[in-house]
Every structure is written in C-alpha cells, then in structure tokens.
Amino acid sequence: MAARYMIPKDAVAEGAAVPEKVKLKIARDATLAKEKETAVAAAKKDHEEQRAALKNRTQQYEKEYSDYQKKLIDLRREAKLGGNFFVEPEAK
C-alpha cells in the first residue's frame, strides 16, 4: 500500500439518494484511509527507531575514535618523557 497516494473523501448530502456503487466506493475509501493511517503511523515509528539506533551507533563510534586518539596522545607523551621515540601505528 502506497502511503503517498491521496485517498479522496466523498461527502454525500443528507437525504440524497445515493447509488449502490457510490456507497461501495465510499466504504472502500474509508477502509483504505484507515489502512493508510495505520501504515503511516507504523512507518513513522520505524523511522524514529532507526534514527535512535543510528544516533546510538554514531555516539559509540565517536567515543571509540576519541578514546583511540587519547591513547595515542598518551603514548606519545610517555615516549617523550622516557626519552624514546613513538612510532605511529600503520593504517589497517
């Protein structure tokens, strides 16, 4: 079901004679509108969950990278204090 398509809302005047096909069309459109509403709500919820998971992963990676950079800085300082040389690790 494509949530991006508009479902028309047909209004019928009270007391007016409504053909059978129009009644069926109105009923069909009502059920489609309900299905669309639930599908859009579910998609929105899934999108929010994905964004939250992405945010958590991003924060985890940023922490991992910053910890690695701090470790390298500490090793450089330690080598300098000891009068040694620090050799940068090779890229993976």
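How much space lies in the largest pocket? About 160 Å³. Here are some notes on that and the rest.

1. First, the ground rules. We're looking at a predicted model, where local features need pLDDT of at least 70, side-chain atom pairs count only at pLDDT 80 or more, and totals for chains, interfaces and linings use all residues. Residues are numbered from 1 along each chain as its sequence is written, and side-chain values use heavy atoms, with hydrogens and water left out.

2. Overall form: the protein has 1 helix and 0 strands (DSSP runs numbered from the N terminus: H or I of at least four residues for helices, E of at least two for strands). The C-alpha box is roughly 100 × 25 × 10 Å along the principal axes. The radius of gyration is 31 Å, whereas a compact globule of 92 residues would come in near 12 Å (taken over C-alpha atoms; the globule rule is 2.2 Å times the number of residues to the power 0.38).

3. On to H1. Its 63 residues reach 93 Å from first C-alpha to last, close to the 93 Å expected (1.5 Å times one less than the number of residues). Just after H1, Gly83 takes a positive phi of about 80°.

4. In H1, the buried residues are Asp29, Leu72 and Ala79.

5. Tyr61 is partly exposed at 40%, while Tyr65 is exposed at 54%.

6. Back to the largest pocket: its lining is Glu64, Tyr65, Tyr68, Pro89, Glu90, Ala91 and Lys92. A pocket here is an open set of points on a 1 Å grid over the protein atoms alone, where a 1.4 Å probe fits, with protein on both sides within 12 Å along at least five of seven lines; lining residues have an atom within 4 Å of a point.

Key
Points joined across faces, edges and corners; volume = space filled by probe spheres on them. Buried < 20%, exposed > 50% of the residue type's maximum accessible area, 1.4 Å probe, protein only.
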